[in-house]
Amino acid sequence: MAAGLLVAGCAAPVADVEPAPEATDPVCAEAMVALPDAVAGLDRRETDSQATAAWGEPSAVVLRCGVPTPGPTTEHCVTANGVDWVTRDDGEFWTLTTYGRTPAVEVLFDDTRAASSSVMVDLAPAVSRIPATGGCTSAPAETIPATPGPTG
């Protein structure tokens, strides 16, 4: 599934991103209009579906709003600038999914081209437009500093 989200040819001007099941949720629109022009130093690209975004050529960071909201989990949970993220490394890509926000936002990224801390911090202002109704409760919680280190 992760590989399918990152399908975008080097020559393609528009990134092909499968929309999330609840991409039409009006709350997603609130977050989408606030997305930054760059994430982890990578420029934003056009995508071909609603409530999606991509950064980098080829895409190194792909966002989908409207994925199912995660329930209680034992997976690693990180807080960055007030946004809680469940993190998962499948060996090829990292997946971040907002925790305690409905609809949830999912971000897949290549950690060889984008640092997780930069991705989370850069997306926090937009994602925080989706109201929080819960958050990470696992201990110890890891918090990412508000000011990211150099990206390159």
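Let us begin with cysteine 28 and cysteine 65, both of which are buried. In this predicted model, these two residues form a disulfide, and their sulfur atoms are 2.1 Å apart. The torsion about the S-S bond of cysteine 28 and cysteine 65 is about -85°, so this disulfide is left-handed. Cysteine 28 belongs to helix 2, residues 26-32, while cysteine 65 belongs to strand 5, residues 61-67; the pair therefore ties together parts that are 37 residues apart in sequence.

How many disulfides does the count give? The count comes to two. The other link I shall describe joins cysteine 77 and cysteine 136, with the sulfur atoms 1.6 Å apart. About the S-S bond of this link the angle is -55°, and the link is left-handed. Cysteine 77 sits in strand 6, residues 77-80, whereas cysteine 136 sits in the loop between helix 3 (116-127) and strand 10 (142-144). The pair links distant parts of the chain, 59 residues apart. Cysteine 77 has a relative accessible area of 6%; because buried means under 20%, cysteine 77 counts as buried. If the bonded cysteines are counted along the chain, the disulfides follow the pattern 1-2, 3-4.

I turn now to the chain as a whole. The protein has three helices and 10 strands. Read along the sequence, these elements follow the pattern α-β-α-β-β-β-β-β-β-β-β-α-β. Of the 152 residues in the protein, buried residues make up 47%. Among the contacts with a separation of 6 or more, 63% are between residues 24 or more positions apart. The accessible surface comes to about 7300 Å², and 54% of this surface belongs to carbon and sulfur atoms.

Next, the interior. In soluble globular proteins, nonpolar side chains tend to be buried together. In this model, the largest nonpolar core has 32 residues, and the members that touch the most other members are Trp55, Val61, Leu63, Val107, Val119 and Leu123. Which elements give two or more residues to this core? They are helix 2, strand 4 (52-55), strand 5, strand 6, strand 7 (83-89), strand 9 and helix 3. Helix 3 gives the most, with seven residues.

Leaving aside the neighbours within four places in sequence, leucine 123 is in contact with Leu35, Pro36, Val39, Trp55, Leu63 and Val107.

Strand 6 pairs with strand 7 in the antiparallel sense, over four bridges. Within this pairing, threonine 79 stands opposite aspartate 84 in strand 7, and alanine 80 has valine 83 of strand 7 as its bridge partner. The hairpin of these two strands has two residues between the strands, and asparagine 81 takes a positive phi near 50° there.

Is strand 7 itself enclosed or open? Five of its seven residues are buried, so strand 7 is largely enclosed by the rest of the structure. Strand 7 also pairs with strand 8 in the antiparallel sense, over five bridges. Here arginine 88 has threonine 95, in strand 8, as its bridge partner. The hairpin of strand 7 and strand 8 has four residues between the strands, and in this hairpin glycine 91 takes a positive phi near 95°.

Strand 8 brings me to the aromatic residues. A search of the whole structure finds one aromatic pair. The rings of tryptophan 94 and phenylalanine 109 have their centres 6.4 Å apart and their planes at 20°; because planes under 30 degrees apart count as stacked, this pair is stacked. Tryptophan 94 lies in strand 8, residues 94-98, and phenylalanine 109 in strand 9, residues 104-109, so the pair ties together parts that are 15 residues apart in sequence. Are the two residues buried or exposed? Tryptophan 94, at 24% relative accessibility, counts as partly exposed. Phenylalanine 109 is buried, with a relative accessible area of 0%.

Conventions: Residues numbered from 1 in each chain as written. Predicted model: local features only at pLDDT ≥ 70, side-chain atom pairs only at ≥ 80, totals over all residues. Heavy atoms only, no water. Disulfide = S-S within 2.5 Å. Buried < 20%, exposed > 50% of the residue type's maximum accessible area, 1.4 Å probe, protein only. Phe/Tyr/Trp six-rings, centres within 6.5 Å; stacked < 30°, edge-to-face > 60°. Core = buried A, V, L, I, M, F, W, Y, C linked by side-chain atoms within 4.5 Å. Contact = heavy atoms within 4.5 Å. Pairing = 2+ DSSP bridges. Areas by Shrake-Rupley, 256 points an atom, 1.4 Å probe, with all protein chains shown as cover.
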